[in-house]
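Work through the exercises below with the sequence and the 3D view open. Try each task before you read its solution.

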Amino acid sequence: MQQFREFHPIVNLIFILEVLILTMSAINPYSAGISLIVAITYGVYLYGVRFIKIFVVLAIPVIIFAGIIVPLFSHNGETALFYINDLPVTLETMIFGLVTGMVMMATIAWFYVAGSMIDTEKFLYLTGRIFPTISLIISMTIGMIPVLIRRYKEVSDAQAGLGRISSKMSLPKRIGFIIKKMSIVITWSLENSVSTTISMESRGYGTGKRTNAHLYKFVGSDRIMLAVLLLLGGIPCVRALMGKFRVNYFPAIELTKLKAVNIISLVLIIMIMFVPMICDMANRIYEKNERRKNIGR
């Protein structure tokens, strides 16, 4: 048994693409609601309660935009709830804004979850042959974010050791102190970037045809998981791209009829979105059982 992020990068990429297609291809309350619930559930499973805090911070602007701003500037629809300066705020526009917000929040949550599946090495493997320079720059940039955070904490700890604590300073001094710490971090990073550049040049980067080395092998478990993803997600993705999940909001709301095909598609959507979580939970149970067996010997 293995965790979902331990599968081949192509398997992880196929899952993410299918989820994004099912989430973003149609402003559908059914698929958007399912996607949002599963993304939040899996995010909490991966990162714990802190995922909720991060997600709420990211979702607040989306809620403000979709639930408040859109109805104020768009006046389509036939059911007027109230008027502002003789301009109607309609039920259809509010529902459209809320569903759009759900789609945007689900997309944000899935991108955050995708960070646990595709790291910089996998990203470089997937895009290195197509866009070698761009993929290298993006992967280095992504890799620098945790490094900068760690260095900033180290600088803060060093300054605290010297008795310079920002919480005891006035606001102007605190701002200047933060700018000083950022200047130290940036200078530190620039010095390391020069060393990296010299190291890359000494190894012949950019002087000839570039080759790619990776440790990823497409084994039997990857084939099985890819087949599962394609079987579960194939029909819903094709139907979503064909517009079968499309909902009309203007002038009146016309929801997709829950026929047998649509119900089956929704069930398949739920199943495919829960695949990574099921894999991770199965792997955790398997490891616990193995530890118990080893202790009992």
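The exercises go from the whole chain down to single residues.

This is a predicted model, in which local features need pLDDT of at least 70, side-chain atom pairs count only at pLDDT 80 or more, and totals for chains, interfaces and linings use all residues. Residues are numbered from 1 along each chain as its sequence is written, and side-chain values use heavy atoms, with hydrogens and water left out.

**Exercise 1. The overall fold**

State how many helices and strands the protein chain has, and give their order.

Step 1. Use the rule for elements: helices (H or I, at least four residues) and strands (E, at least two) are DSSP runs, numbered from the N terminus.
Step 2. Count them. The protein chain has 10 helices and 2 strands.
Step 3. Read along the sequence. The pattern is α-α-α-β-β-α-α-α-α-α-α-α.
Step 4. Look at contacts, meaning heavy atoms within 4.5 Å. Among contacts with a separation of 6 or more, 74% join residues 24 or more positions apart.

**Exercise 2. Buried or exposed?**

Find what share of the protein chain is buried, then classify H8 and L215.

Step 1. Set the limits. Buried means under 20% relative accessible area, exposed means over 50%, and partly exposed is in between (1.4 Å probe, protein chains only).
Step 2. Take the whole chain. Of its 297 residues, 32% count as buried.
Step 3. Take H8, in the segment before α1. Its relative accessibility is 4%, so H8 is buried. Leaving out residues up to four places away in sequence, H8 touches Y125, Y216, K217, F218 and D222.
Step 4. Take L215, in the loop between α7 and α8. Its relative accessibility is 82%, so L215 is exposed. L215 and E121 are 94 residues apart along the chain, and their C-alpha atoms are separated by 9.8 Å.

**Exercise 3. The largest nonpolar core**

Describe the largest nonpolar core, then follow M225.

Step 1. Define the core. It is a set of buried Ala, Val, Leu, Ile, Met, Phe, Trp, Tyr and Cys residues joined through side-chain atoms within 4.5 Å.
Step 2. Give its size. The largest one has 42 residues. Those with the most contacts inside it are F4, F15, W110, M117, M225, L229 and M273.
Step 3. List the elements that give it two or more residues: α1 (9–24), α2 (29–47), α3 (50–73), α4 (91–114), α8 (220–241), α9 (260–273) and α10 (275–296).
Step 4. Locate M225. It sits in helix α8. M225 is buried, at 10% relative accessible area.
Step 5. Name its partners. Beyond neighbours within four places in sequence, M225 contacts F4, F7, V11, V275 and C279.
Step 6. Check one pair. M225 and C279 are 54 residues apart along the chain, with C-alpha atoms 10.0 Å apart.

**Exercise 4. Helix α9**

**Exercise 5. Salt bridges and disulfides**

Say how many salt bridges and how many disulfides the structure holds.

Step 1. A salt bridge is a side-chain nitrogen of Lys or Arg within 4 Å of a carboxyl oxygen of Asp or Glu.
Step 2. Search the whole structure. There is 1 salt bridge. It joins E154 and R150, at 3.9 Å from N to O.
Step 3. Explain the pairing. Side chains of opposite charge can pair when their charged atoms come close. E154 and R150 are 4 residues apart in helix α6 (residues 132–161), so about one helical turn separates them.
Step 4. E154 is partly exposed at 38%, and R150 is partly exposed at 46%.
Step 5. The structure holds 0.

Key:
A disulfide is a pair of cysteine sulfur atoms within 2.5 Å.
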